Amino acid sequence: MAKTYKCQDCGYQYRQCLESYVCPCCGSENIIEIENQAEAFRGLNICPVCGEYVFEKENSFEICPVCGWEDDRLQKLNPDMEGGANKLSLNQYIRKYYEKEEREEE
Ligand SMILES: [Zn+2]
Ligand SMILES: [Zn+2]
């Protein structure tokens, strides 16, 4: 099964069947797997869905202007928990966000 990876340096996203931790765009090895993204961003104020917006404070219940995720501490700690500030769980939201981006690129 293909996994989705994201380069933390240039923001490039790519799907690959083999494990691949080198960015095909800039060559960086600063790569996260989208499935593990909830964990990668734990404890940071960075939006855990798009990784592109930084909330002013932690657990602000602010809404990310990039992807629409509402910053909910409980849902970040329990990435499979549905029905917090966001109707979908964090992992569902992440998957939906990247699927949508892929469709728009086609
Ligand atoms: Zn890159
Ligand atoms: Zn976001």
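This is a predicted model: local features need pLDDT of at least 70, side-chain atom pairs count only at pLDDT 80 or more; totals for chains, interfaces and linings use all residues.

Tutor: Start with the order of elements. Along the sequence the pattern is β-β-β-α-α-α. That is 3 helices and 3 strands.

Student: What makes the protein as compact as a globular protein of its length?

Tutor: Its radius of gyration is 14 Å. The globule rule gives 13 Å for 106 residues. The two values are close, so the label holds. The C-alpha trace spans about 35 × 25 × 25 Å along its principal axes. Of the 106 residues, 21% count as buried.

Student: What share of the contacts with a separation of 6 or more comes from residues 24 or more positions apart?

Tutor: Such residues account for 25% of those contacts.

Student: How do you know that strands β1 and β2 pair?

Tutor: Pairing needs at least two bridges. Strand β1, residues 3-7, is joined to β2 by 4 bridges. One of the bridges links Thr4 to Arg15 in β2.

Student: In what order do the strands lie in the sheet?

Tutor: The order is β2-β1-β3, in an open sheet with antiparallel pairing.

Student: Why are β2 and β3 called edge strands?

Tutor: Strand β2 covers 13-16 and strand β3 covers 31-33. Each pairs on one side only. From one strand to the next, the twist averages 30°.

Student: Why is Asn91 called buried?

Tutor: The cut-off is 20 or more other C-beta atoms within 10 Å. Asn91 has 21, so it qualifies as buried. Asn91 sits in helix α3, residues 90-105.

Student: Which residues does Asn91 contact, leaving aside neighbours within four places in sequence?

Tutor: Ala38, Pro79 and Asp80. A contact requires C-beta atoms within 7 Å. Consider Glu35 as well, 56 residues from Asn91 along the chain. The C-alpha atoms of Asn91 and Glu35 are separated by 7.3 Å.

Student: What makes a set of residues a nonpolar core, and which residues form the largest one here?

Tutor: Members must be buried, of a listed nonpolar type, and joined through C-beta atoms within 7 Å. The largest such core has 11 residues, among them Tyr5, Ile34, Ala38, Trp69 and Tyr93. Its largest share, 3 residues, comes from α3.

Student: Which residues does Cys67 touch, apart from neighbours within four places in sequence?

Tutor: Cys67 is in contact with Cys47, Val49, Cys50 and Tyr97.

Technical notes. Residues are numbered from 1 along each chain as its sequence is written. Chains are lettered from A and ligands numbered from 1 in the order in which they are written. Helices (H or I, at least four residues) and strands (E, at least two) are DSSP runs, numbered from the N terminus. A residue is buried if 20 or more other C-beta atoms lie within 10 Å of its own, exposed if 12 or fewer, and partly exposed in between; C-beta atoms are placed from the backbone. Two residues are in contact if their C-beta atoms, placed from the backbone, lie within 7 Å. Axes are lines fitted to C-alpha atoms, for helices over the stretch in contact, and angles run from 0 to 180 degrees between N-to-C directions. The radius of gyration is taken over C-alpha atoms; the globule rule is 2.2 Å times the number of residues to the power 0.38.
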